[in-house]
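Please look through the sequence and the structure first; the text then goes from the overall fold to single residues.

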Amino acid sequence: MSLPSLLASHIKSGRLTHGYLLIGSRDRARAMVLEAAKSVIADFDENSAIAHADFYELSGVLFGIDAAKDIIKKANLKSLHGGNKIF
């Protein structure tokens with residue numbers, strides 16, 4: 001699965017923004033997120049993604065206020081390696 005050209009160019013140049021909105025099927029979006037994570041998070045392995053300290057995946061269909069508060073709390077913590085995090 002290839003990343004959209006804008007995201008791929010931002011990863012390559014090291015000029016990531018604070019957020020990207022991926023539109024499409026859940027499986028396609030998840031594949032793109034995993035590919036991006038391999039590029040921007042040190043020691044990321046998609047087989048153990050759920051256990052990585054800098055990778056957070058929201059399970060379930062609804063994204064409510066509690067999920068948003070949880071993401072904000074985790075986003076305010078330093079990353080494991082001082083780099084990027086993916087939510």
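Among contacts between residues at least 6 apart in sequence, what percentage join residues at least 24 apart? In this protein the share is 53%, where contact means heavy atoms within 4.5 Å.

This is a predicted model, in which local features need pLDDT of at least 70 and side-chain atom pairs count only at pLDDT 80 or more, while totals for chains, interfaces and linings use all residues. Residues are numbered from 1 along each chain as its sequence is written, and side-chain values use heavy atoms, with hydrogens and water left out.

**Overall fold**

The protein has three helices and zero strands, and along the sequence the pattern reads α-α-α. Helices (H or I, at least four residues) and strands (E, at least two) are DSSP runs, numbered from the N terminus. The radius of gyration is 13 Å, close to the 12 Å from the globule rule for 87 residues, so the protein is as compact as a globular protein of that length. That radius is taken over C-alpha atoms, and the globule rule is 2.2 Å times the number of residues to the power 0.38. Along the principal axes, the C-alpha atoms fill a box of roughly 35 × 30 × 25 Å.

The protein exposes about 6,500 Å², and carbon and sulfur atoms supply 57% of this area. Accessible areas come from the Shrake-Rupley method with a 1.4 Å probe; for residues, only the protein chains shown count as cover. Of the 87 residues, 23% are buried. Here buried means under 20% relative accessible area, exposed means over 50%, and partly exposed lies in between (1.4 Å probe, protein chains only).

In soluble globular proteins, nonpolar side chains tend to be buried together. A nonpolar core is a set of buried Ala, Val, Leu, Ile, Met, Phe, Trp, Tyr and Cys residues joined through side-chain atoms within 4.5 Å. The largest such core in this protein has 13 residues, of which Leu3, Ile11, Ala37, Ile41, Phe44, Phe55 and Ile86 touch the most other members. Helix 1 (5–13) and helix 2 (26–40) each supply at least two residues of this core. Helix 2 gives the most, with five residues.

The buried residues of helix 2 are Ala29, Met32, Leu34, Ala36, Ala37 and Val40. What covers them includes helix 1. The 15 residues of helix 2 should span 21 Å at 1.5 Å a residue, and its end C-alpha atoms are 21 Å apart, which agrees. The expected span is 1.5 Å times one less than the number of residues in the helix.

Leu3 is found in the segment before helix 1 and counts as buried at 14% relative accessibility. Beyond its neighbours within four places in sequence, Leu3 is in contact with Ala8, Ile11, Met32, Glu35 and Ala36.

**Two loop residues**

Ala49 lies in the loop between helix 2 and helix 3 (65–75). At 1% relative accessibility, Ala49 counts as buried. Leaving out residues up to four places away in sequence, Ala49 touches Leu34, Phe44 and Phe55.

Arg15 sits in the loop between helix 1 and helix 2. With a relative accessible area of 64%, Arg15 is exposed.

**Salt bridges**

Side chains of opposite charge can pair when their charged atoms come close. The structure holds two salt bridges, each a side-chain nitrogen of Lys or Arg within 4 Å of a carboxyl oxygen of Asp or Glu.

| Salt bridge | N to O distance |
|---|---|
| Arg30 and Glu57 | 2.7 Å |
| Asp70 and Lys74 | 3.3 Å |

What does the pair of Arg30 and Glu57 tie together? Arg30 lies in helix 2 and Glu57 in the loop between helix 2 and helix 3, so the pair ties together parts that are 27 residues apart in sequence. Arg30 is partly exposed at 35% relative accessibility, and Glu57 is partly exposed at 38%.

Asp70 and Lys74 both lie in helix 3, four residues apart, which is about one turn of the helix. Asp70 is partly exposed, with a relative accessible area of 32%, and Lys74 is partly exposed at 27%.
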